[in-house]
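Take a look at this protein chain with me.

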Amino acid sequence: MSTFQAPKGTYDLLPPRSATFLAVREAIAAPLRNSGYGYVETPGFENVELFSRGVGESTDIVTKEMYTLTTKGGDQLALRPEGTASVLRAALQGNLHKAGLLPVKLWYSGSYYRYERAQAGRYRHFSQVGAEAIGAEDPALDAELIILADQAYRTLGLRNFRILLNSLGDKECRPVYREALQAFLRGLDLDEETVRRAEINPLRVLDDKRESVQEQLTGAPMLRDYLCDACKAYHEEVRALVTAAGVAFEDDEKLVRGLDYYTRTTFEFVHDGLGSQSAVGGGGRYDGLSEMIGGPALPSVGWALGVDRTVLALEAEGVALDIPAATSVFAVALGEEARRVLFGKVTELRRAGVAADFGYGGKGLKGAMKDANRSGARFAVVAGERDLAEGVVQFKDMASGEQTAVPLAELVDTVRARLA
Ligand code: HAM
């Protein structure tokens with residue numbers, strides 16, 4: 001019988017690479033926790049309608065990529081393809097949006113599922129860390145989020161990423177632009193599917209990667225020229241605040257995001273070392289989403305950064321994160337009595353907050369010392385029957401090889417002093 005494999009488009013996170021994923025999640029979360037964002041966790045699945053209404057009936061995510069299921073009780077659910085609709089639903093349900101408490105600032109970290117054509121950097125199960133600032137129309141919030149994402153990437157040591165920024169207008173000016181764009185697109189020579197897309201979601205056509213389409217788009221009306229005064233002023237303020245923070249960005253008037261809920265500010269973080277799946281993160285303002293899912297008007301903004309692609313970007317740049325060894329002390333016992341005593345000492349060390357591990361499996365000295373080496377521990381503690389008879393253990397500095405006898409009763413204090 002052949003063994004099972006992880007499903008197509010998924011992969012397992014195994015040590016040592018999994019440590020990098022944890023460090024990336026932590027590096028993205030730290031600036032959020034430090035800026036007034038509270039942690040939120042929502043179910044891995046939701047009522048399917050939350051996404052079809054929220055993310056949009058015409059998006060690839062809803063039409064092609066959702067994992068949907070009918071429960072035995074007859075409920076129509078979907079594995080979450082993204083986090084924004086769920087987090088907003090949770091904030092509404094939990095009544096976090098009471099007047100006077102806005103904006104509600106939340107951050108999250110978790111798994112998301114899209115039935116996509118799997119390739120490098122594009123998976124069917126992937127991981128995001130995200131942030132949402134719900135219930136305030138304030139350009140400083142948009143700026144804050146862009147600045148915090150930039151800070152997270154820089155702390156990780158990432159350099160070759162760019163920030164693309166655009167405004168998609170609001171419910172006043174976007175419909176006017178949409179019509180102008182549609183009129184223009186109707187005059188082009190496009191294939192059937194693109195013609196259909198132009199009728200449902202014309203802005204997505206601007207995003208078409210094919211040269212044959214891009215050539216025809218020269219001279220297309222641009223949203224920038226249709227923005228109403230309020231949207232223009234808002235966007236200028238966001239740009240000014242981000243610029244003042246010393247964060248560089250590129251205006252990209254062709255940036256259209258793959259989710260329907262965006263209004264005004266939209267942005268994407270792209271990395272040039274990743275080939276076609278270059279977006280390491282993205283987000284923007286979604287002033288109408290709350291009403292789309294049955295809530296009151298709650299203008300909001302947020303982003304999600306892809307953990308998988310951020311790790312790939314780090315690898316592409318050759319950045320090795322400084323991840324300290326998980327184990328500080330490794331204990332090697334020779335003989336039954338020593339085993340019992342040292343196992344007790346390891347428990348004591350752990351309770352004292354020292355990361356300690358033990359040579360299991362009855363290996364001899366040589367094999368156990370190999371384990372000690374592999375663990376990355378700074379110190380090994382070795383004891384046999386003769387040591388115990390003298391009331392000592394051998395305390396070895398793994399880097400220098402220097403070894404001293406330490407009284408058993410002083411082991412914990414010695415370790416703590418040496419690690420300090
Ligand atoms: P998104 O652009 O669909 O936005 O996803 C954000 C990030 O998640 C992407 O930039 C990418 O790094 C990662 N990602 C998406 N799909 C995949 C995949 N199939 N494989 C690997 N990584 C992937 C959202 O999800 C919005 N909810 C962001 C947002 C929050 N907007 C406002 N608030």
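What volume does the second largest pocket have? The answer is about 670 Å³. This is a predicted model, where local features need pLDDT of at least 70 and side-chain atom pairs count only at pLDDT 80 or more, while totals for chains, interfaces and linings use all residues. Residues are numbered from 1 along each chain as its sequence is written, and side-chain values use heavy atoms, with hydrogens and water left out.

**The pocket**
- A pocket is an open set of points on a 1 Å grid over the protein atoms alone, with protein on both sides within 12 Å along at least five of seven lines, and lining residues have an atom within 4 Å of a point.
- The second largest pocket has 29 lining residues, and Lys 171, Arg 174, Asp 260, Tyr 262 and Thr 263 sit nearest its centre.
- Its lining splits into 13 nonpolar, four polar and twelve charged residues (Ala, Val, Leu, Ile, Met, Phe, Trp, Tyr, Cys and Pro count as nonpolar, Asp, Glu, Lys and Arg as charged, and the others, Gly among them, as polar).

**The cavities**
- A cavity is a set of grid points where a 1.4 Å probe fits but cannot get out, and a volume is the space filled by probe spheres set on the points.
- You'll find two cavities of 30 Å³ or more here.
- The largest cavity holds about 70 Å³ of space, and its lining includes Tyr 39, Arg 80 and Tyr 112.
- Five nonpolar, four polar and two charged residues make up the lining of the largest cavity.
- The second largest cavity has about 30 Å³, with Asn 166, Tyr 177 and Glu 253 among its lining residues.
- Seven nonpolar, one polar and one charged residues line the second largest cavity.

**The cysteines**
- There are zero disulfides (pairs of cysteine sulfur atoms within 2.5 Å) in the structure.
- Cys 173 is in no disulfide, and the nearest cysteine sulfur, in Cys 228, is 3.7 Å away.
- Cys 173 is also buried, at 4% relative accessible area (buried means under 20%, exposed over 50%, partly exposed in between, with a 1.4 Å probe and protein chains only).

**The domains**
- Domain 1 covers 17-173 + 227-317, and domain 2 covers 329-419; the bounds come from an automatic or database domain assignment.
- The centres of domain 1 and domain 2, taken over C-alpha atoms, are 48 Å apart.
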